[in-house]
Amino acid sequence: MSNDILDELYNAVELLNNLLETPQFKSFVAVSEQTKEDALNKATQHLFLHNDTFGIEAKSTDVYKLLSWYGYFLYQHADDRNAVIYLATMAILNKKILKNEVCGLMLDKYTITEMYQMLTKDGEDDHLAIGKNGLYIAFKSAQNICILKSKLV
Amino acid sequence: MTKTKFKEIFENSRKLAQENKKANIISNNGTSESVLKSLKLLSDPEEMQKAVNELSNDMYETFKEVHKVDI
């Protein structure tokens, strides 16, 4: 696995951290530096565990995995838990990452809203929830469709 | 979070994982070149701020839609 995309992965994580600091959303969620570090620890450990368990070796670290799982663990560790963290995570995954795939695909607002509502059920009504792995694989599937579609054109 | 701290945490997790690495490997797309290019742009503080502004507006719209409230 290549080291050289860590700068780009860092930018994706910082974009999420910065979004939570905007005046519109800052009052909803308190995320300390320690919380960010704890969440990144959990997310990276889960990333390597996932790859090891399923025997996955990628050309580069998957930003869909890192961001989905960082956002999830940030929510879990936040001093003041608020689902705004999920909104920020999905906004980046959809409009900054998926949109910049070769076909420029994005999920529509209805699907985003449904996914957001399913995420907020995690830990409360698990039978209605999507969870961290569901969040990742939903966007990963969209990326795969985009890649396949671009090969057909 | 500083970039140094980010890399330190990432590399620590990688080292821990390597001790248990299995030989069974399948391919995966990882992060696309086009996505990497757009993420690289965020190293410029102006581009980062532009992205924050765009996405916070998008988040606000979804928030209003779900919670039927204005912030």
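**Close-up views of two chains in contact**

**View 1. Helix 1 of chain A crosses helix 2 of chain B.** The axes of helix 1 (residues 6-19) of chain A and helix 2 of chain B come within 8 Å and cross at roughly 65°, where axes are lines fitted to C-alpha atoms, for helices over the stretch in contact, and angles run from 0 to 180 degrees between N-to-C directions. The two helices are therefore roughly perpendicular to each other, a term for angles of 65 to 115 degrees. Their crossing is left-handed, which is said if the near helix is turned anticlockwise from the far one by less than a right angle, while clockwise counts as right-handed. Glu8(A), Asn11(A) and Ala12(A) of helix 1 of chain A make the contact with Leu36(B), Leu39(B) and Lys40(B) of helix 2 of chain B, contact being counted if the C-beta atoms of two residues, placed from the backbone, lie within 7 Å. This is a predicted model, in which local features need pLDDT of at least 70 and side-chain atom pairs count only at pLDDT 80 or more, whereas totals for chains, interfaces and linings use all residues. Residues are numbered from 1 along each chain as its sequence is written, and chains are lettered from A and ligands numbered from 1 in the order in which they are written.

**View 2. Helix 6 of chain A has buried residues along one face.** In helix 6 (residues 109-119) of chain A, the residues Ile112(A), Met115(A), Tyr116(A) and Leu119(A) are buried, that is, 20 or more other C-beta atoms lie within 10 Å of their own, with C-beta atoms placed from the backbone. Seen down the axis of helix 6 of chain A, these buried residues fall within an arc of 100°, so they line one face of the helix; the arc is that of the directions from the helix axis to the C-beta atoms. Their cover includes helix 5 (84-97) and helix 7 (131-152) of chain A, together with helix 3 of chain B.

**View 3. Helix 6 of chain A meets helix 3 of chain B.** The axes of these two helices come within 10 Å and cross at roughly 65°, which makes helix 6 of chain A roughly perpendicular to helix 3 of chain B. Helix 6 of chain A passes helix 3 of chain B in a right-handed crossing. On the side of helix 6 of chain A, the contact involves Lys109(A), Ile112(A), Thr113(A), Tyr116(A) and Gln117(A), which meet Thr62(B), Glu65(B) and Val66(B) in helix 3 of chain B.

Note on methods
A residue is buried if 20 or more other C-beta atoms lie within 10 Å of its own, exposed if 12 or fewer, and partly exposed in between; C-beta atoms are placed from the backbone. Helices (H or I, at least four residues) and strands (E, at least two) are DSSP runs, numbered from the N terminus. Angles under 35 degrees count as roughly parallel, over 145 as roughly antiparallel, 65 to 115 as roughly perpendicular and the rest as oblique.
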